[in-house]
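This report examines selected parts of one protein model.

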Amino acid sequence: MKKKLIAGNWKMNGGLAANEALIRNLLAGLGTPGCQVALCVPTAYLAQCHDLLNGTGIDLGAQDVSQHEAGAFTGEISCAMLKEFGARYCLVGHSERRQYHAETDTVVALKAQRALASGITPIVCVGETLAEREAGRTEEVVKRQLAAVIHANGHCISEIVLAYEPVWAIGTGKTASAEQAQQVHAVLRAQLKAASSQSDRILLLYGGSMNPVNAAQLLAQADIDGGLIGGASLKAPDFLSIIASAG
Ligand code: PEP
């Protein structure tokens, strides 16, 4: 059976002292987790977190990457740069990137492609807004977002991690119910299955206000293979509790 993955997304939070304290507290309480654990940290702290996490069993991830290889793209970070700091994962197409940085399905697909070609596992995020859910368009939206990534990546699709993150549940304290999350995960699972004979190996994470109280029920769903955790990953006891629920 594949091990679940619990990945923290620190978003634009942290500082040198706070990061060190958080990671030391996590490592002190981690023991031997029954799941895989990763932290997606701000680019500025990749080097620091690489040093603190190296050899600990917690993998390092970034929160975004350029779709370009190198060159005149001021402010962008390349996959090669992420690799130099030991990043195993990179979030791609987080809803905050789609919303505030106008990332289209095509750009997200290209970023996933670039990451895969560089040996970085993209954690591809898909999810509907509240308006889209209320209009009954959830399935259509997540399938369209995933289709772009499948189209650009062909058989390599089995190397991605997919995160279903309903936009209305991110950072709002509103979680999708376990049934709502499972329903969408089942749709995504079927789409992946149709695209790849190796789809069984793809981890499907749920993200959106996952916390120590709701984690166990969400993680018990048939097609939920882990969590992408924002706010609760900034508090060591909460993140450790979610990790324990996945083990
Ligand atoms: C996220 O940022 O991916 C996320 C799921 O955030 P939160 O857990 O705070 O809703």
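## Basis of the report

The structure described here is a predicted model. Every value that follows was computed from that model.

## The ligand and its surroundings

The ligand is surrounded by 14 residues, and the closest are Lys 11, Glu 165, Gly 171, Ser 209 and Gly 230.

In the side chain of Asn 9, an N or O atom is 3.1 Å from a ligand oxygen atom. In the side chain of His 94, an N or O atom is 2.9 Å from an oxygen atom of the ligand. Gly 230 contributes through its backbone, where an N or O atom lies 2.8 Å from a ligand oxygen atom. On its own the ligand has 290 Å² of accessible area, and the protein covers 96% of this.

## Helix H10 and its buried side

Helix H10 comprises residues 236-246. Within H10, the residues Ala 236, Phe 239, Leu 240, Ile 242, Ile 243 and Ala 246 are buried. These residues lie on the same side of H10, because they cover an arc of only 160° around the axis.

What do the buried residues of H10 pack against? Their partners are strand S1 (5-9), helix H1 (16-30), strand S2 (36-40), helix H9 (215-219) and strand S8 (226-229). On the face of H10 turned away from the buried side, Pro 237 and Ala 244 are exposed.

Asp 64 belongs to the loop between strand S3 (58-62) and helix H3 (79-84). Is Asp 64 buried or exposed? Asp 64 has a relative accessible area of 15%, and it therefore counts as buried, the limit being under 20%. Its side chain forms a polar contact of 3.2 Å with the side chain of Arg 97. A polar contact of 2.8 Å also links the side chain of Asp 64 to that of Lys 111. When neighbours within four places in sequence are left aside, Asp 64 is in contact with Leu 82, Cys 90, Leu 91, Arg 97, Glu 103 and Lys 111.

Val 65 is likewise placed in the loop between S3 and H3. With a relative accessibility of 1%, Val 65 counts as buried. Its contacts, again leaving aside neighbours within four places in sequence, are Ile 77, Ser 78, Cys 79, Leu 82, Cys 90 and Lys 111. Val 65 and Ala 112 are 47 residues apart in sequence, while their C-alpha atoms are 9.0 Å apart in space.

Ala 176 is situated in the loop between strand S6 (161-164) and helix H8 (178-195). Its relative accessible area is 3%, so Ala 176 is buried. Apart from neighbours within four places in sequence, Ala 176 is in contact with Pro 166, Trp 168, Ala 169, Ala 181, Tyr 206 and Leu 218. From Ala 176 to Leu 218 there are 42 residues in sequence, and the C-alpha to C-alpha distance is 8.9 Å.

Gln 145 is part of helix H7 (residues 138-153). Gln 145 is buried, with a relative accessible area of 5%. If residues up to four places away in sequence are not counted, Gln 145 touches Arg 98, Asp 105, Val 126 and Gly 127.

## Two residues with positive phi

Most residues other than glycine have a negative phi. Ala 102 is not a glycine, yet it has a positive phi of about 55°. This residue lies in the loop between helix H4 (95-100) and helix H5 (105-117). At 59% relative accessibility, Ala 102 counts as exposed.

Ser 209 also has a positive phi of about 55°, although it is not a glycine. With a relative accessible area of 18%, Ser 209 is buried. Ser 209 is also one of the closest residues around the ligand.

Technical notes. Residues numbered from 1 in each chain as written. Predicted model: local features only at pLDDT ≥ 70, side-chain atom pairs only at ≥ 80, totals over all residues. Heavy atoms only, no water. Buried < 20%, exposed > 50% of the residue type's maximum accessible area, 1.4 Å probe, protein only. Helix = DSSP H or I, 4+ residues; strand = E, 2+ residues; numbered from the N terminus. Arc of directions from axis to C-beta. Contact = heavy atoms within 4.5 Å. Near = heavy atom within 4 Å. Polar contact = N/O pair within 3.5 Å; in protein donor to acceptor, adjacent residues only side chain to side chain. Areas by Shrake-Rupley, 256 points an atom, 1.4 Å probe, with all protein chains shown as cover.
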